[in-house]
Structures are given as C-alpha cells and as structure tokens.
Amino acid sequence: MPKSLPKPLRKQREVLYLPVAGHSAVLGTAGSGKTTLALYRAAYLSTADMPHSGRTLLLTFNQALVTYLNHLKPLALRNVMIETYHKFARGYLNSRGKMSFNSICDPDLRRTLIERAVGNVTQHYEKSKFFDRPLAFFLDEIGWILSHGIETEEQYIAVERVGRVGTTLARKLRSVMFEILKEYLALRTQQGKLYDWDDIAYHVRQEYLQDDRARRYRHIIIDEGQDFSPEMIRSLASAIPDDGSLTFFGDVAQQIYGQRTSWRFAGLTVPQTWEFKENYRNTKQIARLGLAISKMPYFEGIADMVEPTSPRADGPLPTIAECDTRAKQIEVALRVAKESGKTKSVALLFKDREQERLISSGLPNYATKLHRDMNSWNDGPGIYYGTYHSAKGLEFDLVILPFLEKENLPDPEHIASHGEEDALTHDGRLLYVAVTRARTDLLLLYTGEPTPLLPAKPSLYGRVSP
Ligand SMILES: Nc1ncnc2c1ncn2[C@@H]1O[C@H](COP(=O)(O)OP(=O)(O)OP(=O)(O)O)[C@@H](O)[C@H]1O
C-alpha cells in the first residue's frame with residue numbers, strides 16, 4: 001500500500017474495495033480524499049498476484065495534477081499509468097494509426113473556423129438576431145454538441161437541455177446551429193485537422209467499437225471526473241475489457257471545465273453512488289466559507305452535490321482585506337507570500353494569466369508557476385502561482401486570492417457573452433475551487449466593492465484594512 005498517503009478511514013475503506021469489475025462512482029466534497037483514494041484504489045487494482053490484478057490507468061484533467069499525483073505516487077504503483085485524458089486519447093488514436101502529425105485543431109484555429117462557419121451559413125438566411133450572438137455562444141454550443149457525442153440533427157433537435165444557463169436554444173433554431181456545426185467540420189477537414197479537443201473523445205469511442213485487440217488497461221480510474229464530458233467517460237467505458245473496472249471520482253461543485261453537463265449523461269452502469277462527506281483538508285473556518293459559497297443562489301439546483309460535515313481542525317478565520325487600490329493589493333499579496341513562503345506552501349491564484357502577470361513579475365525567481373507543462377513538484381514551503389484552473393486538485397497551507405472586486409468577478413466578458421446568471425454560476429465554482437485549496441490560511445483581497453460571489457455574512461471573515 002502507498003506509504004506516504006494517510007490511512008483510509010471509514011467510507012474511504014469501503015470505496016477502496018469496491019467491486020473489481022464493472023462501474024463505480026464516488027462523489028465527494030472538496031478535500032474528502034478522492035485523489036487519495038484514487039491512488040489507493042489504483043494500488044489495489046494493480047497489485048500483482050491477485051485474481052483481479054491488471055494494468056491500471058489513472059486519468060485526470062490537467063497536467064499540474066498529473067505531476068502532483070506522480071509526486072504522491074508511491075513505488076507500489078509502478079504498474080499504474082497516470083496521465084491526462086487528452087494524452088491518453090492521442091496515444092490510443094496513434095496506436096490505431098489515426099493520429100498523424102498536427103491533426104488536432106488548436107483552440108485558436110477552432111475559433112477562426114467557427115467564426116467563418118457562422119459567416120458562411122449566415123449568407124443562406126435572412127437577417128436574424130440569432131447570428132448576432134457573440135462568438136462565444138457558438139463556440140460553446142458546438143463544444144456541447146460534440147462533447148455529448150450527438151451525431152445527427154434529429155438527435156440534436158430531440159435532446160432536452162441545450163445551451164448554457166439562461167441561453168437554452170429554441171428547437172427551431174437548432175437546425176441552423178447544426179448547419180453551422182457541419183460547416184465548421186467541413187472547414188476543419190479542409191485544414192487537415194481530424195479532431196479538436198471536444199470531439200477527440202467521440203473518435204476514441206468510435207475506434208474502440210471497432211477494436212477487437214486485447215485492451216491495454218484492465219482498470220481505469222478517473223479523478224476530477226466532474227470535468228470529463230459524457231463522451232470522454234463513455235470512451236473510457238469502452239476502453240476496458242468485460243472483466244475490467246471503471247471507477248469515477250468527482251465533485252460536481254468543482255466543475256470548472258466544459259458545459260456543466262452531468263456525468264450521469266454518460267450512462268455508466270452504477271448500482272449505487274458512494275459519498276465522501278468528511279473534509280480532511282481545510283480547517284473548520286475555511287470549510288465554513290466553502291460551504292457558504294456552495295449555498296449561494298448561483299449554486300442552486302445542481303444534482304449530486306455532496307454537503308460536507310464540519311472538519312475537526314481549528315484555524316484562523318479567512319482574512320478579507322479591503323485595499324484602496326489594486327497596487328496596494330499587489331503589494332500586500334507579494335509581502336505576505338514572501339514572508340509566509342519561508343515556512344509554508346503559499347499559492348497566489350488568479351482568474352486568468354493576464355491578472356497573474358500583474359503580480360508574477362514581483363515574485364522571487366524560486367516561485368513555481370502552476371501550468372500545463374510542469375513536470376516536477378517540490379513539496380514543502382515555497383511560493384506557487386497560477387490560475388484557479390491550474391490549481392485544481394492541489395492544496396497549499398496558505399492561499400492568497402487578489403482582485404476579488406465586483407468589476408472583476410464575475411468576469412465582465414463572460415457576462416457580455418452569456419449573461420449574468422451564467423457568469424455567476426461559472427465563476428462561483430471557480431471561486432469555490434480556489435478557496436478550498438487552502439489548508440489553514442486564506443487571504444482575500446479586493447478594492448472598492450467585493451464580488452457578489454462571496455457570501456456577505458461578516459462572521460465568516462476576519463476583516464483587516466492594510
Ligand atoms: N483518511 C485520511 N486521514 C487523514 N488525512 C486524509 C485522509 N484522507 C485524505 N486526507 C488528506 O486530506 C487532503 C485532501 O485529500 P484529497 O486531495 O485526496 O481530497 P480530494 O477529495 O481529492 O480534494 P479536492 O477534490 O478538493 O481536490 C489531503 O491532504 C489528504 O492527504
């Protein structure tokens with residue numbers, strides 16, 4: 001068994017020994033040990049000399065988490081491959097001779113081609129407000145169709161929920177939308193691109209349907225599964241043999257990629273879902289703020305939400321600091337990070353790379369940037385910085401969140417393209433992820449009016465004026 005990981009307790013032990021064949025799903029609140037148990041389960045399923053043992057694949061969404069997992073991965077897991085879904089997909093298609101050089105359409109080209117597709121289709125119709133929607137709407141809708149494995153116009157017209165919160169697309173417009181999708185795919189093919197990041201999973205699944213070779217992995221485990229699209233999950237269900245297993249770990253409150261669809265659309269055969277409610281990471285005070293965020297109106301109506309029970313460890317209240325200017329926020333963030341980074345792990349997290357750059361130039365050069373290609377992980381004290389997305393699945397002693405003002409969050413561009421409700425829903429989950437990365441200390445900074453994403457209750461915070 002892994003040595004460096006905490007010993008599984010209660011529900012965690014039950015999950016470790018879930019059936020070794022078929023599908024299982026574990027839903028857990030932040031910090032409840034999903035990643036830890038994903039590693040334990042990988043060790044259990046890959047243990048040599050057991051009747052159920054076999055090669056095991058542990059998949060997650062982003063590279064920073066893969067690097068972190070590899071750092072936690074004990075020697076007992078030599079038989080386990082840990083990688084991102086997208087790396088797995090490329091590798092598998094390559095093994096089938098279906099991945100030539102440069103055959104994936106990158107997001108910039110995709111954007112250009114979808115814009116062109118909208119323009120081309122517009123010419124066949126009379127002027128309509130539909131075509132005036134922001135490009136982000138078309139990018140999203142096409143992503144939604146492809147990541148759900150929808151193949152025909154009839155399927156698309158019949159499907160129940162289409163579009164983001166508040167932007168459900170009327171059925172009569174779906175034919176036009178589908179025409180835009182087909183035009184995009186035609187333009188993409190002309191560019192020699194066989195896939196994009198939304199439909200690669202569809203192609204993986206199609207390939208498995210025709211693949212009668214022995215399966216490379218007997219067991220697959222998905223961590224951060226809430227961010228896997230239904231088609232990604234389906235493709236993995238078809239990647240295991242009949243006597244193999246698929247174990248899904250996820251937290252719907254932390255869904256920050258994709259179109260907020262449900263893993264349940266993937267149609268796994270899960271007799272029962274298991275829930276982890278105990279939070280082992282955060283102090284009571286941080287967990288209370290996390291819980292208050294998850295009770296905000298913008299979280300309402302999510303299926304499968306698991307509410308945490310209060311952790312035992314006590315700590316300081318999250319600190320909220322109103323600064324006169326953004327420059328002051330930067331000064332405070334840098335000072336605290338440098339001081340605390342000597343003895344603690346500290347993460348400075350931002351909405352996007354642009355905001356990260358406002359601070360990163362002032363950081364010492366030993367600070368570690370969290371990013372897609374990071375390939376080593378230094379445990380212990382130090383400064384880490386990156387976007388909320390890049391910190392997914394990770395944890396730090398102190399988390400510093402600058403720029404929490406109303407003008408910045410929810411993101412004004414997101415409001416412009418998808419409306420306020422959608423922006424609140426999207427950025428609320430990001431904030432939830434960011435807050436729950438903190439083990440013991442949290443520093444929230446803003447100028448002017450704080451973001452409406454933060455709960456107003458004063459007793460949740462210790463307030464300071466630097
Ligand atoms: N049984 C346990 N006893 C003590 N500590 C534990 C136990 N299980 C997990 N932990 C610790 O709790 C923290 C959170 O665990 P982990 O990262 O596995 O949670 P998670 O559910 O994947 O979190 P998230 O979804 O928020 O990323 C880690 O520091 C882990 O070592």
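Student: What makes the chain one whose predicted coordinates can be discussed residue by residue?

Tutor: On a confidence scale that runs from 0 to 100, the chain has a mean pLDDT of 92, and 97% of its residues reach 70 or more. For the complex, the predictor gives an ipTM of 0.97 and a pTM of 0.94.

Student: Why are the buried residues of helix α4 said to line one face of the helix?

Tutor: In α4, which spans residues 85–95, Tyr85, Phe88, Ala89, Tyr92 and Leu93 are buried, a word that requires 20 or more other C-beta atoms within 10 Å of a residue's own. Seen down the axis of α4, these buried residues fall within an arc of 125 degrees, so they line one face.

Student: What do the buried residues of α4 pack against?

Tutor: Their partners are the strands β2 (56–60) and β3 (80–84), together with the helices α9 (200–209) and α10 (230–237).

Student: What makes strand β12 mostly covered, and which strands are joined to it?

Tutor: Eight of the nine residues of β12 (residues 438–446) are buried. Two strands count as paired when there are at least two bridges between them; β7 (residues 319–322) is joined to β12 by four bridges and β11 (residues 396–401) by five, so both pairs meet that cut-off. Both β7 and β11 run parallel to β12. Within these pairs, isoleucine 320 stands opposite leucine 444, while valine 399 has leucine 442 as its bridge partner.

Methods. Residues numbered from 1 in each chain as written. Predicted model: local features only at pLDDT ≥ 70, side-chain atom pairs only at ≥ 80, totals over all residues. Buried ≥ 20, exposed ≤ 12 C-beta atoms within 10 Å, placed from the backbone. Helix = DSSP H or I, 4+ residues; strand = E, 2+ residues; numbered from the N terminus. Arc of directions from axis to C-beta. Contact = placed C-beta atoms within 7 Å.
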